[in-house]
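Hi everyone, thanks for coming. I'd like to walk you through one protein today, so please have a look at the picture with me.

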Amino acid sequence: MLIGNVTHGRTDWGDFLEGLQNLKDRICAFDNLMGAYRDAARDKRYRSEVISFSLKLGENLREIQKQLLEMTYKVGKYREFYVRYPKPRLVMALCFRDRVVQWAIYRQINPYLDKRYIEHSYGCRKEKGTLAAAECLQNWQQLISRKPDAGEWYLVKGDVSRLCQKTSAREAPKPRFLCSRKKMSG
C-alpha cells in the first residue's frame, strides 16, 4: 500500500511524517485512552468484560498508559468463537483491554491515513462502507451496460479463500482466488 499523495511521480511524505510526530505521546495521552475506551465500549457496555474493565476504569487506563509508555505492553489471548452466517467461520476477537489500545492507536493514525486512501476504498471508513461500495458498483454496472460494447465486458467477483485463518509463524498464508465470471448484459 502506498501512503502519501502522489503528484507527478513525487510522494508528499513531508506532510504525512510531520503529522505523525509525537505519535507515541498522543496515543498514550489519558484523554485519548478515555476516548478509545468509549469507542471500544460503544454498543457493548453490558458485556461482562466491559463491566469489569469499567469498574476500575481509571486504574486500568493508567496501567495501559504506563505499559505503552514503557513499551512493555503485551497483547492478550484471543477469544475464539464461530459464527454461522453468512457462512460458518472462526472469529478471533481481541479482549476488551486490547480493543481499547487498538482504538487508541486508530484514533491517532487514521486521520493521516484516511485522506491518503484512494477514493474507492470503502472498508472501515467514515461515510463509506458496504452500502456505499455496493451503490458505486451498481452505478458502474449501469454505466457499462449503456456502452455499445457492453456485451464484451465481464464482471469478475473474487474472494480470497482462507486468508485470515490461523497460520504458524513458519508457514506463510497461500491465498487461493475463487473467481466467477459473468457476462454483462446490455
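I'll start with confidence, then turn to a pair of helices, and finish with one arginine.

Please keep in mind that this is a predicted model. The protein averages a pLDDT of 82, and 74% of the residues score at least 70. Which elements sit at the two ends of the scale? Helix H3, residues 30-41, has the highest mean pLDDT, at 98, while strand E1, residues 6-7, has the lowest, at 44. Over residues 1-10 the pLDDT is below 50, although this stretch has 15 contacts in the model beyond near neighbours in sequence. Where pLDDT is low, the predicted coordinates should not be read in detail.

Now to the helices. Helix H5, residues 57-70, packs against H6 at an angle of about 60°, and their axes are 11 Å apart. That angle falls between the cut-offs of 35 and 65 degrees, so H5 and H6 count as oblique to each other. Their crossing is right-handed. On the H5 side, the contact is made by Leu61, Glu63, Ile64, Gln67 and Leu68; H6 brings Arg97, Val100 and Val101.

Last, my arginine. Where is arginine 125? You'll find arginine 125 in the loop between helix H6 (96-114) and helix H7 (130-145). Is arginine 125 buried or exposed? Its relative accessible area is 14%, which is under 20%, so arginine 125 is buried. A polar atom of its side chain lies 2.7 Å from the backbone oxygen of serine 121. Leaving aside neighbours within four places in sequence, arginine 125 is in contact with Asp114, Tyr117, Ile118 and Glu119.

Technical notes:
Residues are numbered from 1 along each chain as its sequence is written. This is a predicted model: local features need pLDDT of at least 70, side-chain atom pairs count only at pLDDT 80 or more; totals for chains, interfaces and linings use all residues. Side-chain values use heavy atoms; hydrogens and water are left out. Helices (H or I, at least four residues) and strands (E, at least two) are DSSP runs, numbered from the N terminus. Buried means under 20% relative accessible area, exposed over 50%, partly exposed in between (1.4 Å probe, protein chains only). A polar contact is a pair of N or O atoms within 3.5 Å; within protein, one must be able to donate a hydrogen and the other to accept it, and residues adjacent in sequence count only if both atoms are side-chain atoms. Contact means heavy atoms within 4.5 Å. pLDDT is the predictor's confidence in each residue, from 0 to 100. Axes are lines fitted to C-alpha atoms, for helices over the stretch in contact, and angles run from 0 to 180 degrees between N-to-C directions. Angles under 35 degrees count as roughly parallel, over 145 as roughly antiparallel, 65 to 115 as roughly perpendicular and the rest as oblique. A crossing is left-handed if the near helix is turned anticlockwise from the far one by less than a right angle, and right-handed if clockwise.
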